[in-house]
Amino acid sequence: MNTQQKLEILADAAKYDASCASSGARRSGNGKGVGHSDGTGICHSYTPDGRCVSLLKILLTNFCTYDCIFCVNRISSDIQRARFTPEEVVKLTLDFYKRNYIEGLFLSSGIIQSPDYTMEQLIHVAKALRTEHHFGGYIHLKAIPGASELLIDQAGLFADRLSANIELPTQQDLVQLAPEKKTTVIESTMNKIALRKDEADEDRRKLPSAPKFATAGQSTQMVIGATPATDREILTTATHLYGQYKLRRIYYTGFSPYPAADARLPLKPTPMMREHRLYQSDWLMRFYGFNAAELTSEENPSLSLTEDPKTTWAKLHPEFFPVDVNAAPRESLLRVPGIGYRNVERILSIRKYHLFLLDDLKKLRVRIKSALPYLITIDHAPRQQPSTHESQLTTQLDLFASVSALTGSI
């Protein structure tokens, strides 16, 4: 099998891993080799057939000793297998970069022989690119759960970002669909990365020339819809991972059925809208001050597919609104539907010198239709919704006013 044939197989096999964004990586060209990363994300280039290419996103191999039911690359899967040598990946990366096809490398792998052996192979690629070819572009390596701490340390010295996939929302889900994997092992790897990065950052504060470690942090991926886990359980797990291991991102990938799949898996794909709502909720938790318990409840553990979670929360909490754009604190403005995180910062800055009218919000491209019922400006105050008691009293007065004084009839 030649390199082109391997590439077709292993690039296609890598498409199921979505945790490959590059934001936050800064690496300057050193004048000796090629490439740099500017911290704002990977630049995109376009092939003649219109495809957008940014990262060389491949597996080192789709051979795997694990039998995860939801994974098309599992050991019991009847698919065509291939395996790159580390040298082939290095050559591909450099050739594609010099042709302006890519700005970096995302490298993952099935588990071959053992977690340590697999991790060694991935590190071999990154080390050769950095030390032999002085490659300054972005590199994202998959951190293999269960790999030794020494190997994790080495990986972080050459990679801009590491990611150990949590795979499924709960340990019970792993027991059902990925019996060889354990939440404790995966989180242990995340913890090694978090601790090592904290140490490296502290060293660099004291001595700027100290070695960098995974400057773009770590991320993870969670498959949703393959098990009955609710959105509430998914967001609770996400809250734990963000708080405990300082993840930069969690990627939610809807399960997609494939031919000859196990009978325990669902027959229909996860709705794209469910994936979208989870990303919206994730954003609300990271930047808007919400927590998982506010976005779902025991009675309604699923996010609405017809309404964004911020609007759902606003409708359930009328006592919080309306919010005065010209006086409310940041925390209150962040909860108004239709006003994004950046626009909140702009409002706080502008209102020091100028009181807001509705037209001013339109100029900031606030989603006025969504925001109108929940905010106050100089020229707008939403109609207050009457309480239940007030509604009953109004109804009684209306009835009394409609009684005829002559007959007593209504």
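The structure is a predicted model, in which local features need pLDDT of at least 70 and side-chain atom pairs count only at pLDDT 80 or more, while totals for chains, interfaces and linings use all residues. Residues are numbered from 1 along each chain as its sequence is written, and side-chain values use heavy atoms, with hydrogens and water left out.

**The chain as a whole**

The secondary structure comes to 15 helices and 12 strands. Helices (H or I, at least four residues) and strands (E, at least two) are DSSP runs, numbered from the N terminus. Of the 410 residues in the chain, 49% are buried, where buried means under 20% relative accessible area, exposed over 50% and partly exposed in between, with a 1.4 Å probe and protein chains only. Among the contacts (heavy atoms within 4.5 Å) with a separation of 6 or more, 66% join residues 24 or more positions apart.

**The sheet**

Strands of a sheet pair through backbone hydrogen bonds, either parallel or antiparallel. Here, an open sheet of 6 strands has the order E5-E6-E7-E8-E9-E10, with parallel pairing; two strands pair if DSSP finds at least two bridges between them. Strand E5 (55-59) and strand E10 (249-254) stand at the edges with a single partner strand each, so one side of each is left without a neighbour in the sheet. On average, neighbouring strands of this sheet are turned by 20° against each other, direction ignored.

Strand E9 (residues 218-224) pairs in the parallel sense with strand E8 (residues 161-163) over 2 bridges. E9 also runs parallel to E10, to which 6 bridges join it.

| Residue in E9 | Opposite residue |
|---|---|
| Gln218 | Leu162 |
| Ser219 | Ser163 |

E9 is mostly covered, with 7 of its 7 residues buried. Gln218, Thr220, Met222 and Ile224 are buried on one side, and Ser219, Gln221 and Val223 are buried on the other.

**Two helix contacts**

Two packed helices are described by the angle between their axes and the distance between the axes. Axes are lines fitted to C-alpha atoms, for helices over the stretch in contact, and angles run from 0 to 180 degrees between N-to-C directions.

Helix H2 (residues 86-98) and helix H3 (residues 115-132) have axes that come within 9 Å and cross at roughly 40°. H2 and H3 are therefore oblique to each other: angles under 35 degrees count as roughly parallel, over 145 as roughly antiparallel, 65 to 115 as roughly perpendicular and the rest as oblique. The crossing of H2 and H3 is right-handed; a crossing is left-handed if the near helix is turned anticlockwise from the far one by less than a right angle, and right-handed if clockwise. In this contact, Pro86, Glu87, Val89, Val90, Thr93 and Leu94 of H2 meet Gln121, His124, Val125, Ala128 and Leu129 of H3.

H3 also packs against helix H4 (residues 149-158), at an angle of about 30° and with the axes 9 Å apart. That makes H3 roughly parallel to H4. Their crossing is left-handed. Residues of H3 in this contact include Met119, Ile123 and Lys127, and those of H4 include Leu151, Ala155 and Phe158.
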